[in-house]
Structures are given as C-alpha cells and as structure tokens.
Amino acid sequence: MQGLFRSLWTEPRPPHPPRRVWRDWVLVGLLVPAIVLEGVLRTDLQWRPMSVIFGLVMLPTLLWRRTSPLLTLSIPVVVTGLIQLLTGADPAEMASMAYMLLLLYSLSRWGSGREAVTGLMLISAAVLTAAGSGRLAAGDVVGAFTVVFAAVALGGTFRYRARARMRELDQVKLLEREQLARDLHDTVAHHVSAMAIRAQAGIATAAANPDNAAAVAVDALRVIEAEASRTLAEMRAMVRVLRRHDPSAPPELAPNPHLSDLEQLAGRSRVGPSVEVAIEGDLDSVAPSIGAAIYRIAQESVTNARRHARHATRIEVSVAADDTSVRLRVSDDGDSTAGRPVVASGYGLLGMIERAGLLGGTCEAGPNPGRGWTVTAVLPRTGALT
C-alpha cells in the first residue's frame, strides 16, 4: 500500500497537454448566457448578484484547466470558502456552476500526482468545512464526495487509457525501426562482402599474373572504394535508427525486398480487387534502404485496401523516380466513407509514416475527392536521413 501511494505521489504530468482549443472558447461562450439566464429566471436564488458575478468571474479558469489544473481548481474553491467565511453567502449555489466538475476532471487527467492529491485534499477540506458549519447536510456530504470522486475517476480513466495507447504507438515505432535497421544491416553486409570478394580476387589474380599486378590492384581498389562509399552512407543511416532485439520473436529469414519485387504485387486474387503496378524512371541507383521502404509501404497499402476498401475493383500502384526522389502512390476505387479504417492490424499506417520519416521522407493517406483512398510516399533516392 505504501508503494502505491508513493507511485501516485510521484506520478508526473502527462506530456504535451493541449492548450486552449476552439472547443474551450465555445464552452465558455455557451456558459456565459447560461449563467446570466439562470440568474434572471430563477426565483429561489438567495444571493443572485453575487452568484452571477462569481460564476462569470470564475469562467476563465476553464481556459487554463489543462496547463494549470491545480491552480484553476484552487481559485474557485478558495474564493468560495473566503466568501462563505466573511459573508455567510454561498456564491456557488447556481446549477450552472457545475462546470467546476470539469476542473476536477482536468486535475485528475492532466495534473501530476502531487497536484491531484493536493487538489483532493483541498476540495475535501472545503466539503468538510461546509458540513461542520451547518451549510451542508450529512446526506449532502455523501453526495458531494460521490460526485467529486466520480469526476476524479473519470479523469484517471481517460489518463491511463491515453497512456496505454501511447505505449502501443511507441511499440509500433520500435518495431518499424527494428525492421529498418535489419534492412540497413543486410545492405551493409552485402557491400562489405562484395569488397572482401573483390579484394580476394585481386590478390589471386595479381599472384597469378605479376606483370599486370598494378592494373589489377587499381581495378580492385576502384570497386572497393565504390562499395566502401555506399557502405559508409548506409552506416550513417543506421546510426540514426534505434534497433530493438526481441529474443522471443522468430528470426525473419526472407531476403530484403527491392523495387523490382513490386511486380509481384500485381495480379488478381481469388477474392478482392485486382492490383496494377506501374514503374517509371531510373531505379537502378536508388539506395537499397529506399527500395525496401517503398516496397513495404506499397505492400502495406495494398493489404489495407484489400481488407478495408469496400466495393473496390482495382488498386493502382505507381512508382516514379527522378534525380532526387522516389514517389509512390497507391490508390483504390472503394467507398470513401468517413469511418473507413486506414490501418491494418498493428497500426500499419503509423509504421509507414515512421519508416518514411526515418529515411527523410513523408507518407500520407486520405480519401480521394470522389471514390477511393490514396496513400502517397515521397522518399529521397539517396536514403539520406534528416
């Protein structure tokens, strides 16, 4: 139990809380006339002017409830207690003051563990003080604490749900980086093997024909220099990639895919739309890591279209290369509904975006103006990372 309280107390704030968004301004704009109308129409308000003014003055706290959750909750609680102590009035008697529950929710959702505990102690002290002074009946105390803890529990639920999703997304990114690191490793190993074979061949030839040893050595050095340059480029890319090893995962023994393997995606399966592949431009000098990335993004996009594109009859895959980049476009003619999923199992789209970003490119997906869905990716043909 002590460990539980310690972990709660040391709980940090969730990262990157959203600041004021348009929904906050709309909420404040709707509450202003609601408070005024309640103050005008209700006849049972004992402190009408004070209640209306208090409700309007406390409204701006909603705009800072995510970035300063403890402060925004403390202000109305402390001010309410001071007014009750000095005048005996209850400035929070209006029903529209229920927006203070949002401050409790935000404290649990966006505050640190220390802030949440401090805020709960503050609001509990306010409720108990009101009960001790006779302003709150015993039955109302139970109801007040029920509402308080319900708001706190709701905020905590959304907090840990968001954390679980962030962990899933991080896992997808790590898996994609591991796959990219494997591709880069295999490419570098290929270049190093070519260098070693060429050097061995040069040594053997020079030993057999001493008269042409100099020419043979120069030819071998040229090939080795070219392979070494490619290897260094791939190694620089590998440094930027986080590789995670999972001993429980079975090794993937399939060779790395290349741009030429895109033709294997073409054809018609027994069930589902046909796939058409078109390749344009010079792809011979495209970096192997770029070729593998283009293939995997295209493969994932085709898989998603076959699974999720309702009433689709055709999937078009086009690859075009110029002097600086390689462009991929995968489009289908299925229904473009707002609720159509854009990823397969394992957050495929997120993996595509992560892989493209690691290689200094971009990847986007979205509905077409008419029918269908399109995935586009643009990668630098050299494979240089940003």
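1. Let's start with Val326: its relative accessibility is 0%, so it counts as buried. Keep in mind that this is a predicted model. Val326 sits in strand 4, which covers residues 325-332.

2. What does Val326 touch, leaving aside residues up to four places away in sequence? Its contacts include Val286, Ile290 and Ile294, then Val319, Ala320 and Ala321, and also Ala377, Val378, Leu379 and Arg381. As for Gly291, it is 35 residues from Val326 along the chain, and the two C-alpha atoms are 8.9 Å apart.

3. Now for the other end of the accessibility scale. Val40 belongs to helix 2, and with a relative accessibility of 60% it counts as exposed, because the cut-off for that is over 50%.

4. Val40 also turns up in a nonpolar surface patch of about 510 Å², together with Val32, Val36, Leu37, Leu41 and Leu56. Helix 2 (residues 22-41) supplies the largest share of that patch, five residues.

5. How do helix 2 and helix 3 run, roughly parallel or roughly antiparallel? Their axes come within 10 Å and cross at roughly 175 degrees, helix 3 being residues 48-58. Angles over 145 degrees count as roughly antiparallel, and the two helices are therefore roughly antiparallel to each other. On the helix 2 side the contact is made by Val32, Ile35, Val36, Gly39 and Val40, and on the helix 3 side by Arg48, Val52, Gly55 and Leu56.

Definitions and conventions:
Residues numbered from 1 in each chain as written. Predicted model: local features only at pLDDT ≥ 70, side-chain atom pairs only at ≥ 80, totals over all residues. Heavy atoms only, no water. Patch = residues over 30% accessible without salt bridge, like charges linked within 9 Å, V, L, I, M, F, W, Y side chains within 5 Å. Areas by Shrake-Rupley, 256 points an atom, 1.4 Å probe, with all protein chains shown as cover. Salt bridge = Lys/Arg side-chain N within 4 Å of Asp/Glu carboxyl O. Helix = DSSP H or I, 4+ residues; strand = E, 2+ residues; numbered from the N terminus. Buried < 20%, exposed > 50% of the residue type's maximum accessible area, 1.4 Å probe, protein only. Axes fitted to C-alpha atoms, helices over the stretch in contact; angles between N-to-C directions. Parallel < 35°, antiparallel > 145°, perpendicular 65-115°, else oblique. Contact = heavy atoms within 4.5 Å.
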